[in-house]
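Here is a short tour of one protein chain. Keep the model open while you read.

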Amino acid sequence: MSTLMDNANTMSAELDAAVIEELHEAFESGELVLFVGGGISAAAGLPTWRQLVDLLVERVREQVGDDVVTAEVASLARSQRYSEALAAAEHALGAAEFNAFVEDALDDEGLEPPRIALAIAALRDKLRAVLTTNLNHLLERAFGIEWDTMWRVTDEAAWRRRFILKLHGTLKEPGSWVFERERFLASIAAPDVRRSLTAVLSKCPVLFIGFGRADNNFDEMLSDIHALSGSSPPPRFVIVPSASLTPYRRATLVDMGFLLLPYDTADGSHDRALAILERMCAPRPRAAPLRSRSIVPPPIPDLELPPSSSPLGFPAYDLPPDPAAYDDAVTVPGALDSPRRDRVSEPPASPIEVFFSYSESNRELRDKLETHLAILKRKGVIRGWHDGEIGAGEERDRALAEHLETARVVLLLISADFLASDFCYDVEMQKAIDRHERGEARVIPVILDACDWEGAPFGKLASLPRGGRPVTSWVNQSEAFTDIAKGIRKQVEQLTQNPP
């Protein structure tokens, strides 16, 4: 007598319904763990790993200028050996330049979480945990502050609930990044870590989502999950594009015990993956059908869930028809043309006021920063304000208090003199932090000079330039101010899209 597993390749409606029913039971148990791939990031307009490697090839070409070095990185990329290509690019550019470039390319600040991330977050009350391959913070932002985030596997994973575990590391901590399968395997080799993962995977049902059809390394990851799950694991479900399931691949996954939920992408979207999630959590009818609230957010034009990466390696994306294209110019796929940059298409009805809090000894650096914000001022997006704007006859303290109370963005220009100033630290900074915590303003620390600022109340906030590197430590300070201006632009763009 044939079984559901024997008939997995029929893609029958009956099988699909049976698997979804089993997934529904796993969801209702409160033990379901979601394993989320990098398609979530690509859906928000961030580059896939393939696209990131393309960008790095071009960066090496521009910065290093050595044809042999560039050809080596390009050859690795062309061979789809992405982890090695990343390692070669890091060697060519140096760790600092490589880390800064990757962080900027994958930075999600100012991007809204995509529909798929919001739909996943809508399930959080009944999920046990989320594992993800993403470096960025889209999922954390979608889930909100109720869920903790971890980026190292510890024994806590065996007993904790309501957490996001980032197996690739987290964006703002380059030392946590895991780009190579060998490095990941080494990171889970410790007996206590392995026991922790095995405890979760051998007891909790797991649902995989966000892994694309060209993601060959996804199969390696599933094989490792299979090995960690024990001899009689709980159900493991895979939501995956139908086009990715060749007969042999389907048979292999079925033999390993994975329950497949393929969906059609004929229209170029991945909305049917969202529909599967909605069917999974929909209440089952009793005496009469219950009307349930949809977890699927309203449609956003051109939103797609592209192929993604595996935590144990890199996807084998289709290469361009002409591999020789890497020898002359790198073509960045169209996903990078998504609304990641220049999201302020129109100025707001009134400019956003940006308040400069600074020590008088840093006036010259403040003026340079203001100059680098000129394009936002010319577009009518922002209006900068500082004590130099106080007119003759105005009461200084009152003017400062009024503008500090109404500004939407407050820039804290940090230096040792700022920290030593009673007015800057005890009055302006404390007032700004209070408004930030109430959601009335956005506070951005700008590190001008080296000082011990991490323990201050603003130390928990993301600072500029990238990584908190002081402006005065940059060989070219214009590059530092450009980095700061871009960071401020992202924050302002987000505010214009989400007015109070």
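A residue counts as buried when its relative accessible area is under 20%. Leu34 has a relative accessible area of 0%, so Leu34 is buried. The model is a predicted one.

## The chain as a whole

The chain holds 20 helices and 11 strands. It has 500 residues, and 50% of them count as buried. Residues 24 or more positions apart account for 74% of them.

## Leu34 and its neighbours

Where does Leu34 lie? Its place is strand S1, residues 33-36. Leave aside residues up to four places away in sequence. Leu34 then touches Ile120, Leu127, Ala129, Val130, Leu131 and Leu207.

Ile120 is one of these partners. Leu34 and Ile120 are 86 residues apart in sequence. In space, their C-alpha atoms are 8.6 Å apart.

## Pro114, a buried loop residue

Pro114 sits in the loop between helix H6 (95-105) and helix H7 (115-121). Is Pro114 buried or exposed? Its relative accessibility is 3%, so Pro114 counts as buried.

Ala44 is 70 residues away along the chain. From C-alpha to C-alpha, Pro114 and Ala44 are 5.3 Å apart.

## Two helix pairs

Two packed helices are described by the angle between their axes and the distance between the axes. Start with helix H3 (residues 49-63) and helix H4 (residues 67-78). They pack at an angle of about 170°, and their axes are 9 Å apart. An angle over 145 degrees counts as roughly antiparallel, and H3 and H4 are therefore roughly antiparallel to each other. On the H3 side, Val53, Val57, Val60 and Arg61 make the contact. On the H4 side, Val69, Thr70, Val73, Ala74 and Ala77 take part. By class, this contact has seven nonpolar residues, one polar and one charged.

Now turn to helix H5 (residues 82-93) and H6. Their axes come within 6 Å and cross at roughly 125°. H5 and H6 are therefore oblique to each other. H5 brings Leu86, Ala89, Glu90 and Leu93 to the contact. H6 brings Ala95, Glu97 and Phe98. Five residues of the contact of H5 with H6 are nonpolar, none is polar and two are charged.

## Helices with a buried face

Which residues of helix H17 (residues 396-406) are buried? They are Ala399, Leu400, His403 and Leu404. Seen down the axis of H17, they fall within an arc of 125°, so they line one face of the helix. The face turned away from the buried side of H17 carries the exposed residues Arg398 and Thr406. The buried residues of H17 pack against strand S8 (352-357), strand S9 (382-385), strand S10 (409-414) and H19.

Helix H13 (residues 271-281) has its own buried set: Ala273, Leu274, Ile276, Leu277, Met280 and Cys281. Looking down the axis of H13, these residues fall within an arc of 155°, so they line one face of the helix.

## Glu428, a buried glutamate

Glu428 is part of helix H19 (residues 422-437). Its relative accessibility is 6%, so Glu428 counts as buried. Which residues does Glu428 touch, not counting residues up to four places away in sequence? They are Phe355, Ser357, Tyr358, Leu400, Leu404 and Phe423. Leu400 and Leu404 are also among the buried residues of H17.

## Cysteines

A disulfide is a covalent bond between the sulfur atoms of two cysteines. How many disulfides does a search of the whole structure find? The search finds zero. Cys281 is buried, with a relative accessible area of 17%. Cys451 also counts as buried, at 19% relative accessibility.

## Two backbone details

Most residues other than glycine have a negative phi, and most peptide bonds are trans. Arg162 has a positive phi, near 55°. Arg162 is in the loop between strand S3 (148-150) and strand S4 (163-166). At 31% relative accessibility, Arg162 counts as partly exposed.

The peptide bond from Leu464 to Pro465 is cis, and its omega is near -5°. Pro465 belongs to the loop between strand S11 (442-447) and helix H20 (477-497).

Notes: Residues numbered from 1 in each chain as written. Predicted model: local features only at pLDDT ≥ 70, side-chain atom pairs only at ≥ 80, totals over all residues. Heavy atoms only, no water. Axes fitted to C-alpha atoms, helices over the stretch in contact; angles between N-to-C directions. Helix = DSSP H or I, 4+ residues; strand = E, 2+ residues; numbered from the N terminus. Parallel < 35°, antiparallel > 145°, perpendicular 65-115°, else oblique. Contact = heavy atoms within 4.5 Å. Nonpolar A, V, L, I, M, F, W, Y, C, P; charged D, E, K, R; others polar. Buried < 20%, exposed > 50% of the residue type's maximum accessible area, 1.4 Å probe, protein only. Arc of directions from axis to C-beta. Disulfide = S-S within 2.5 Å.
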